[in-house]
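Please find below a few notes for a colleague who is meeting this structure for the first time.

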Amino acid sequence: HAELRRLRLDTGTGVRELARKINVSHGWITRTESGTRPITVEDVSAILSALGISSNERERLVDMAREADQTDWIRPGIPGVRDELVTLIEYERTASRITTGAPLLVPGLLQTADYARAVMDEFPPGEREAKIGMRAGRRDLLTKRAGPTFEAFIAERVLTDPVCPTETQVDQLHHLAAMSEQPNVIIRVVPSGLRRWSPLYAGHFMYFEFPQAAPIVHVESLACGAFMSTPATVDSYRRARDNLLRDAMNEDETRKFIASLVQSAEESP
């Protein structure tokens, strides 16, 4: 999705002009580029042909689309899985760097299965287990040899005001400690009591950077999420990331803080 948008902008082609060339609505183009609709190999081929993209580049992107289309575990049709989630997984898979701000919960890519089960308690059992299974597949991305750099800014209250039983919370803390040792995973706790505004007050976000395409932002609320790609909006989240770097503990301080929480929990009666 992001690569197609970059190529359209690089060729100086407007949304309506491209829509006319492939006989679709301009809304279809917008939804395709923002990731709010799934995309097929045929869609990619039509867009690249209309943009006059070279055969080598066209073959590379068509292969990417074909690989995504053949990844069964992210197909729509799994109970409770929206097209938005399919797109989110695609971005996670193709990003070179992911930055996430987590004001309320441990980020999904860092959640244990039991923690995920606790925070999805309101879902019907079948739908909940399907989501947990998909989340486990997404988590594996971080331990792959060519996985993206993943940086998480987690609010202190996420770790000190648990939403799950103590045993589950301790396991989750152990998991965070282990993941922080991965060379491509950076975990930083944003302490409470800053006495100034922090970007985390604005809610959960994921900032995706790609090898060749422009960054994309995903924001999430209780029942839905949205992808944003306009340069001004994306740049505001880049600045938010910079501000969080200022506010957060460094990696070593974060590890020590997590270890102290584990020790405190395990020593409690």
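1. Over residues 69-81 of this predicted model, pLDDT stays under 50, and for this stretch the model has 23 contacts beyond four places in sequence. Those contacts should be read together with the pLDDT of the residues that make them, which remains under 50 throughout.

2. For the protein chain as a whole, the average pLDDT is 84, and 89% of the residues score at least 70.

3. Which residues of α10 are buried? They are T168, Q169, V170, Q172, L173, L176 and M179, and the elements that cover them include α7 (113-119), β2 (149-155), α9 (156-160), β3 and α12 (251-267).

4. N23, which lies in the loop between α2 (15-22) and α3 (26-34), has a phi near 60°, a positive value in a residue other than glycine. Its relative accessibility is 71%, and N23 therefore counts as exposed, the cut-off being over 50%.

5. A positive phi, near 60°, is also found at R195, again a residue other than glycine. R195 sits in the loop between β3 (185-190) and β4 (205-209), and because its relative accessibility is 84%, R195 counts as exposed.

How values were computed:
Residues numbered from 1 in each chain as written. Predicted model: local features only at pLDDT ≥ 70, side-chain atom pairs only at ≥ 80, totals over all residues. Heavy atoms only, no water. Helix = DSSP H or I, 4+ residues; strand = E, 2+ residues; numbered from the N terminus. Buried < 20%, exposed > 50% of the residue type's maximum accessible area, 1.4 Å probe, protein only. Contact = heavy atoms within 4.5 Å. pLDDT = per-residue confidence, 0-100.
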